[in-house]
Amino acid sequence: MDLSSILGTLLSEDSVQTVSKKTKTTPKQTQSVLDAALPMLLSGLQDQTKSPENLESVSKALTTHGKKKVVKASSFLNEVDADDGAKIVGHLLGDQTQTATQKIANKTGTQPNQVASVLAQAAPLLMSLVGNQTNQAQGQGGAGISDLLGSLLGNADISKMIGGLLTEGIDIDGDGKKDNILAMIMKFLSKLFSVK
């Protein structure tokens, strides 16, 4: 299972631009919120598998979300149900949802409602991307959800990985070349704010 490809899709220009439009936030705000929130959401997902009573529901959720293939992030995000996304965030962050939302808002200079909107869009995409990989692995006779998520997340420093993806890049379009996500975002922002 490849965590870097999941993060690469979530942080791609395609994702950032689409979430930005749907939540009426700037691309810079969207990017900042995702950078701060993804480690929390992924940690929350992993924590859910440590509880026997939550493991079954997480397994079912990943199996269900994983049935929808993510071919293009923008196409997927345009069909996201924000209410469903908010419920996913609530499950992943639990009673820390409000605290985490405020913390992200303070860190990124955004409003809590903006953070909540971005997370509600990103969470279904995250679940589908992880679900795609867990379903594929299980279909090949792999381990259970808990073991698969353990191998996916392990002791990875997700924040550091996100920083590396932004600066070093990842092959987003499958052409064999690493796409510098930060450069792509900056290019997009420069086009957006350029004066004609």
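User: What percentage of the 196 residues of the chain count as buried?
Analyst: This is a predicted model, in which local features need pLDDT of at least 70 and side-chain atom pairs count only at pLDDT 80 or more, while totals for chains, interfaces and linings use all residues. Residues are numbered from 1 along each chain as its sequence is written, and side-chain values use heavy atoms, with hydrogens and water left out. Buried means under 20% relative accessible area, exposed over 50%, and partly exposed in between, with a 1.4 Å probe and protein chains only. Among the 196 residues of the chain, the share that counts as buried is 46%.

User: Is S15 buried or exposed?
Analyst: S15 is found in helix α2, where helices are DSSP runs of H or I with at least four residues, numbered from the N terminus. Because its relative accessibility is 1%, S15 counts as buried.

User: Which residue has a backbone oxygen that lies 2.6 Å from a polar atom of the side chain of S15?
Analyst: Not counting residues up to four places away in sequence, S15 touches T9, L10, A73, L77 and L125, where contact means heavy atoms within 4.5 Å. The backbone oxygen that lies 2.6 Å from a polar atom of the S15 side chain belongs to T9.

User: What is the phi of K24 near?
Analyst: K24 is found in the loop between α2 (13-23) and α3 (27-48), and K24 counts as exposed because its relative accessibility is 75%. Most residues other than glycine have a negative phi. K24, a residue other than glycine, has a positive phi, near 55°.

Notes. Helix = DSSP H or I, 4+ residues; strand = E, 2+ residues; numbered from the N terminus. Polar contact = N/O pair within 3.5 Å; in protein donor to acceptor, adjacent residues only side chain to side chain.
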